[in-house]
Amino acid sequence: MEYFIYIGTLIAIYATLTISLNLLVGYTGLISIAQAAIYGVGAYTTALLALNFTNDLLISFVCAAVVGVFVSLIIALPSLRLTNEYFLIATMGFQAIIFSLFMNLEITGGASGLYGIPHPTLFGHTIRAGWEKLLVALALAVICYASALRITNAPFGRLLRAVREDQTAVASLGKSVFRVKLAIFVFSAVFASAAGTIYVYSLTALDPVAFHLDESIFIITLVIVGGTGSLNGSILAAALLILLPETFKFMAIPEAIAPEVRQVLYGALLVFFTRFRRQGLIGEYRDVLK
Amino acid sequence: MASADTILRLEALSKSFGGLQAVRDLSFDVNAGTITSLIGGNGAGKTTAFNLITGNLVPDSGHIYLRDARVDGLPPHKVARAGIARGFQELRLFNRLSARDNVEAAIPNLRGESIIRALIGGRELMDERNAADARANALLDDLTIASQADSLAERLSYGQQKLLSLGRLLAAEGELLLLDEPTSGLSPGMVDDFCTRMRRLTGNGKTILLIEHNVDIVMRLSDWVVVMHQGTKIAEGRPEEVRNNVTVMHTYLGITS
Amino acid sequence: MSVLAQFAVNGIVTGSVYALIALGFALIFTASRVFHFAHGGVYTLSAFAGYTVLVTLELGIVAAFLAAIVTAALIGVLINMLLYEPMKAGGVSPFVALISSFGVLIIITHMTAMVWGSNPVVLSRGGKTTVYRFGAIYTTDAQMLIIGFTVILAVALWIFFRHMRLGIAIRAMGNDSELAEVVGMPAKRLRNISFIVGSGLVGISAMLIGLNVGIIDFNMGNEIILMATVAMIIGGLGNVGAAAGGGFVLGMIQNIAIWKIESKWQMALSFAILIIVLLFKPNGLFGEKRPATGL
C-alpha cells in the first residue's frame, strides 16, 4: 500500500512540474530546460529550512516559492532577451550552473545531498503518514491545475498564445512581450519550487541527481507526450510515464538494467512524439512546436 | 517646426545594414486626417522606413516625432502605445487563435491581461470580457467576417485574413495607421472595398500612411505621395504633381507602367 | 611562470579535445541547422566500438580506429536519414529536431550502458605512455597526437569550406537550401555527406580522447557535447573554424582558471562564459557578422 501511495505522490509532483512547464512550452513557446533547477532550488530551500529553522509546511512553501522566484528572475532576465534555440541553450546553461552549485557547495551537502530532514508540520500537526503526504501533493497539483486553467482562460492566456504565434505582431499592438514572458516564467517557477518542497518532505531526504539536466529533459518529454498546450495532457503524461516503468517489475526485465530500460523508453517516447505526433496524446495543436 | 496638423514627422532618417544603405536622409511629414502613400520600386526602402517608424529598427541617425514626442529609439510596443498601429505585408495574424481572439488581443489596457488580475478574477473581468467580445463582434461584423469569428485565423481565406488583419489593427486604437500593401493579392471588388474603408477611416479621424504598389490606387486614394528610390526620397507632392514629375516618371512610374 | 606555461599546455590539450568535437558538431549544424546533441551519443558509441575491437577482440589499433569511424559515420547518417530529413521534409523546424536529438542522445547513452555496463572500462593499446619534456613542461604522446590531429583537421576543414566546391556548397546551404543546388548537388545528399564526415570525425576524436584519458564510460558523451555546444557558440555559430577556435578558447580558460578556481567549478564557469557570450556577443568571438534583417 505504501508503495502505491508513494507512486501517487510522485505522479502528483510530476503533474505539477509538467503543468508549470507546459505554460512556458505549450502556451508561450518558451522551451526552457531549467525547470529541474528551479524545482531543485525549491527542494534545497525547504530542506535547509527544515534542518535549520522550521519544518512548518506553509512557511516552507512560501520560502521555497520566494527563493524559486528569485532564481527564476536571475535565469529569465538575461535568457528572455534571446529567442528559440538561443533561449533554450541559455536556460540549459543556467541549469548546468545551478546543478553545479548543488553538487559543489558546502551548504547543499555536495554529491551526497541532504538527509534526516524532519517530517513537516501543518497547524501544529506532524504530517508523518504517507497518505497524508499524498494528500498534500495532490492539493498542490490541484491548485496548480486550477490556477493554470484560470490564467490560460483569461485574456492573459490569449496573450500567451499570441506571443507564441507571433511576437512581432504582439509588440505592434502595444503589448510588452518581455513582460508577458517574465510573468509566466515567474508563475511557473512558483509551482516548480513548491513541487520541490513536496519532494523533500515525501522522502525526508534530497539527492542532487533529481535536479540534473536529464530531469529537465524528462519534464519536457512529459509536456510533449501529454500535448503542448494541454493541461489535461500534462496530467495524463505524468501518470502514464511514472506508472509505465513500474510495470517492469511484473515483466522479465532484470532489476540491474531496469533503470536503463526506463531511460531508453523515455528517450524513445521523446523521439517518437517529436517525429510522429507533435500534438501529443491529447494536445490541441499539431504544430505548437514549429 | 511641425505645423499644427502634422501627426508624424521624419527628420533625416538613415539606416544601413552592413554596407547596404537601406534608407538615406529621409524626411517627410504626414498630416493628420490624410492618406499619405509611400511608393517606390522593390528595395527602395519603404518597408525599412516602416520598421524605423515602428521601432522594429533603430535609425543610425535622424529623428521621428509623433505629434511633438520623439519616438525613435523606443521599443515597438511603446511606439504602438504612443498611437501608431501597424499592419504587416505578411499579415502576421495569430494563426491558431480564433478570428475573434485575434481582434480582442489587440484591445488596449485589458485588466485581464495582467496575470495577477487574471488569477483573482471577479465580476469586473466578466464585464470587461463581455465588452471586449462586443467590440470584436462589431468590428468583425463591419468587416463582413462575423460568421468566421470562431474559426482559427489560419482557416480563413486570404481575403478574409486581410480583412481580419485590418480588424486587429483597428482594435488597437492607434490614431496613425501604417498599412503595408493592404490591397495586394485581392480581387478588384475587394480592392474597391478596401479603398472605401480607408477613406471612411480618415473621415473618422484616423491618419493613414500607406505602402502601395498599385499606381492607380495611389493616385485615386492619396492626399499626398512620397516617392522613394534607393533609400532616399526623390519627390513628394499631391498625386497629380508626382505623376507629372519627370524624375519620378523615369525612375519609377516609367518602369512600372 | 612555468606553472602557468604548464596550464597553458594543458589548456591547448583540453582545447584541442573540445575543438575536435565542436568541428563535427559545427559541420553538421552548418549543413542542417540542427543542434545535433545526439552527436554526444555517437561519440560514446564509437568509443565503445573501438574498445570492443581493441580490447575485447584484440584486433589492433588500426582496426579499432576504423571500427570507431565506421560506427560513428553510420549512426550519424542514419540519425539524419531516419529522423532529421523526414522532419525537414514535413516542414518541421530544426528547433524540434534539437529536442528530438536529446531523445536520441538518451537512447544511445543508456543502450550503451545496457550493453557494456554502467561502470567505466579501461581503453588502452598496451605499452608505455611516452612523456615528452620541454623545459619544465610535460606532455604525452597521446596529447601530442590530439593537438596535431586537431590542427591538421582545422586547417583541412578551413580549406575545404573556403576553397572547395563541396565545402562552399555546404556553407551556402546553411543559409539557403536553394543556393546549394547551384553547384549541382541535391541539398539532401550534401547534408548526408556532412553527417558522415562530421560523425566520422567524432569517431576519431572518441578514440584519441579515450586513449588519452585511459578510461571510457557510457556517460562520456554527455558532458563533452555540452562543452562542444559552449565552444561552438562562443566561437561563432555556423562557422566550423570559429567553433574550433571557441574550443581552444574554452580549453585555455578552463585550465588557466584552475590557477585561481577549483576545478569542480569548470562546468559552471564554462556555462557562465556561454551566457555572457550569448548576451553580449551573439555572433561569437570569431563569427562572421551577419547582416541584420528587417523583421
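Of the 290 residues in chain A, 59% are buried (20 or more other C-beta atoms within 10 Å of the residue's own, with C-beta atoms placed from the backbone). The model is predicted: local features need pLDDT of at least 70, side-chain atom pairs count only at pLDDT 80 or more, and totals for chains, interfaces and linings use all residues. Residues are numbered from 1 along each chain as its sequence is written, while chains are lettered from A and ligands numbered from 1 in the order in which they are written.

Chain A has eleven helices and four strands (DSSP runs numbered from the N terminus, H or I of at least four residues for helices and E of at least two for strands). The radius of gyration of chain A, 18 Å, is close to the 19 Å given by the globule rule for 290 residues, so chain A is as compact as a globular protein of that length (radius taken over C-alpha atoms; rule, 2.2 Å times the number of residues to the power 0.38).

In chain B, four strands form an open antiparallel sheet in the order S2-S1-S4-S5 (strands pair if DSSP finds at least two bridges between them). Strands S2 (20–31) and S5 (69–70) of chain B stand at the edges with a single partner strand each, so one side of each is left without a neighbour in the sheet. Strand S1 (residues 6–17) of chain B pairs with S2(B) in the antiparallel sense over eight bridges. Within this pairing, Leu8(B) stands opposite Val30(B) in S2(B).

Notes:
Buried ≥ 20, exposed ≤ 12 C-beta atoms within 10 Å, placed from the backbone.
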